[in-house]
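Hello,

Please find below the structure I promised to hand over. My notes follow it.

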Amino acid sequence: QVQLVESGGGLVQAGDSLRLSCTASGRTFSIYSMGWFRQVPGKERDFVAGITWTEGKTSYGDSVKGRCTISRDKDKKIVTLQINSLNPEDTAIYYCASRYRGSSTYDYWGQGTQVTVSS
């Protein structure tokens, strides 16, 4: 199993930047990629960004493309999400997830961290 713990959420103002971190532990040697998702109550969970663990290849959701950077520190087993130019529509619970090689879905999820952007 993989355990994921998010940190860095909170209340910020529109226009600010925010950095979220996700620390992985457990069977991390089997991780193929990690991702960030976000969810607003009553809505589906949306993909924010993803990164492959070994190669560091990144991908981004349309809602944050151009404002967001995902990175990973393999030694520390931390994945970081930086979002710039935050707006109230970015308010959500942000989740970190990991996926094993060969898995079609994300296998493990963190408990989430709340991000609230005030106007």
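A disulfide is taken here as a pair of cysteine sulfur atoms within 2.5 Å. By that rule, C22 and C96 are joined, with an S to S distance of 2.0 Å. A search of the whole structure finds this one disulfide. The link of C22 and C96 is left-handed, with -80 degrees about the S-S bond. C22 lies in strand β3 (residues 18-26) and C96 in strand β9 (residues 92-100), so the bond ties together parts that are 74 residues apart in sequence. Strands (E, at least two residues) and helices (H or I, at least four) are DSSP runs, numbered from the N terminus.

Before the rest, a note on the source. This is a predicted model, in which local features need pLDDT of at least 70 and side-chain atom pairs count only at pLDDT 80 or more, while totals for chains, interfaces and linings use all residues. Residues are numbered from 1 along each chain as its sequence is written, and side-chain values use heavy atoms, with hydrogens and water left out.

The cysteines

For burial, I use relative accessible area: buried is under 20%, exposed is over 50%, and partly exposed is in between (1.4 Å probe, protein chains only). C22 is buried, at 0% relative accessibility. C96 is also buried, at 0%. C68 is in no disulfide, and the nearest cysteine sulfur, that of C96, is 13 Å away. C68 too is buried, with a relative accessible area of 7%.

The chain as a whole

How many helices and strands does the protein chain have? There are zero helices and eleven strands. The radius of gyration is 13 Å, close to the 14 Å that the globule rule gives for 119 residues, so the chain is as compact as a globular protein of that length. That radius is taken over C-alpha atoms, and the rule is 2.2 Å times the number of residues to the power 0.38. Along its principal axes, the C-alpha trace spans about 40 × 25 × 25 Å.

Of the 119 residues, 39% count as buried. Contact means heavy atoms within 4.5 Å. Among contacts in the chain with a separation of 6 or more, 52% are between residues 24 or more positions apart.

S33 lies in strand β4 (residues 31-39). S33 is buried, at 3% relative accessibility. Leaving aside neighbours within four places in sequence, S33 is in contact with I51, T52, W53, A97, S98, R99 and Y106.

T80 is placed in strand β8 (residues 78-83). With a relative accessible area of 15%, T80 counts as buried. With neighbours within four places in sequence again left out, T80 is in contact with R19, L20, S21, W36, T69, I70 and S71.

I93 belongs to strand β9. Is I93 buried or partly exposed? At 25% relative accessibility, I93 counts as partly exposed. Beyond its neighbours within four places in sequence, I93 is in contact with F37, R38, Q39, G112, T113 and Q114. V64 and I93 are 29 residues apart in sequence, and their C-alpha atoms are 15 Å apart in space.

Regards
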